Amino acid sequence: MKSGGKQYRVRQGDELVVERLAGEVGEQVELPVSLRAEGDTLDLESRTARAEILEHLRGEKLKVYKYKPKKGYRRKRGHRQALTRIRVLEV
């Protein structure tokens with residue numbers, strides 16, 4: 001399954017955290033599937049997976065520090081990524 005520029009290996013019923021998706025808690029979203037494998041067979045058809053949005057959350061705080069020696073340049077910033085927890089209903 002593809003979401004946020006990343007690919008995830010999922011099965012029906014899996015819960016995972018992906019980058020923030022548009023939609024409210026409880027809504028269902030359709031996400032593209034790049035590859036489907038069952039046993040020894042691979043299916044490359046374009047399909048979609050249905051997932052339910054469980055909650056919106058934010059990731060851990062990352063500290064970003066820029067520094068240039070001997071120039072008096074220092075910048076400290078923080079970043080928290082917006083995330084969404086989803087449950088895969090159907091692949």
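**Figure 1. The largest pocket of the predicted model.** The model shown here and in the views below is predicted. About 480 Å³ of space lies in the largest pocket. Its lining is made up of 14 residues. Arg9, Val10, Leu35, Arg36 and Ala37 are the ones that lie nearest the pocket centre. Strand E5, residues 36-38, gives the most to this lining, with three residues. By class, the lining has seven nonpolar residues. The rest of the lining is three polar and four charged residues.

**Figure 2. The open sheet of four strands.** The strand order is E3-E10-E7-E4. Pairing in this open sheet is antiparallel. Strand E3 (15-19) and strand E4 (28-33) are the edge strands, and each pairs on one side only. On average, neighbouring strands of the sheet are turned by 45° against each other, direction ignored. Strands of a sheet pair through backbone hydrogen bonds, either parallel or antiparallel.

**Figure 3. Strand E7 against strand E10.** Strand E7 covers residues 47-58, and strand E10 covers residues 82-90. Eight bridges join these two strands, which run antiparallel. Two of the residue pairs can be picked out here. Glu52 has Arg87 of E10 as its bridge partner. Leu57 has Leu83 of E10 as its bridge partner.

**Figure 4. Strand E3 against strand E10.** Five bridges join E3 to E10. The two strands run antiparallel. Val17 stands opposite Arg85 in E10. E3 is an edge strand of the sheet, so named as it pairs on one side only.

**Figure 5. The whole chain, for orientation.** The protein chain has ten strands and zero helices. Read along the sequence, its pattern is β-β-β-β-β-β-β-β-β-β. The radius of gyration is 18 Å, well over the 12 Å that the globule rule gives for 91 residues, so the chain is more spread out than a compact globule. Taken along the principal axes, the C-alpha atoms fill a box of roughly 60 × 30 × 15 Å. Of the 91 residues, 20% count as buried.

**Figure 6. Lys70 in its loop.** Lys70 lies in the loop between strand E8 (62-68) and strand E9 (73-79). The phi angle of Lys70 is near 65°. That is a positive value in a residue other than glycine. The relative accessible area of Lys70 is 84%. Lys70 is therefore exposed, the cut-off being over 50%.

Figure 7. Met1 is placed in the segment before strand E1 (2-3). Its relative accessibility is 6%, so Met1 counts as buried; the cut-off is under 20%. Met1 and Pro32 are 31 residues apart in sequence. In space they are 5.9 Å apart, C-alpha to C-alpha.

**Figure 8. Leu54 and Glu24.** Leu54 is found in strand E7. At 23% relative accessibility, Leu54 counts as partly exposed. Leu54 and Glu24 are 30 residues apart in sequence. Their C-alpha atoms are 8.8 Å apart in space.

Terms used. Residues numbered from 1 in each chain as written. Predicted model: local features only at pLDDT ≥ 70, side-chain atom pairs only at ≥ 80, totals over all residues. Heavy atoms only, no water. 1 Å grid on protein atoms, 1.4 Å probe; cavity = no way out; pocket = protein on both sides within 12 Å on 5 of 7 lines; lining within 4 Å. Points joined across faces, edges and corners; volume = space filled by probe spheres on them. Nonpolar A, V, L, I, M, F, W, Y, C, P; charged D, E, K, R; others polar. Pairing = 2+ DSSP bridges. Axes fitted to C-alpha atoms, helices over the stretch in contact; angles between N-to-C directions. Rg over C-alpha atoms; globule rule 2.2 N^0.38 Å. Buried < 20%, exposed > 50% of the residue type's maximum accessible area, 1.4 Å probe, protein only.
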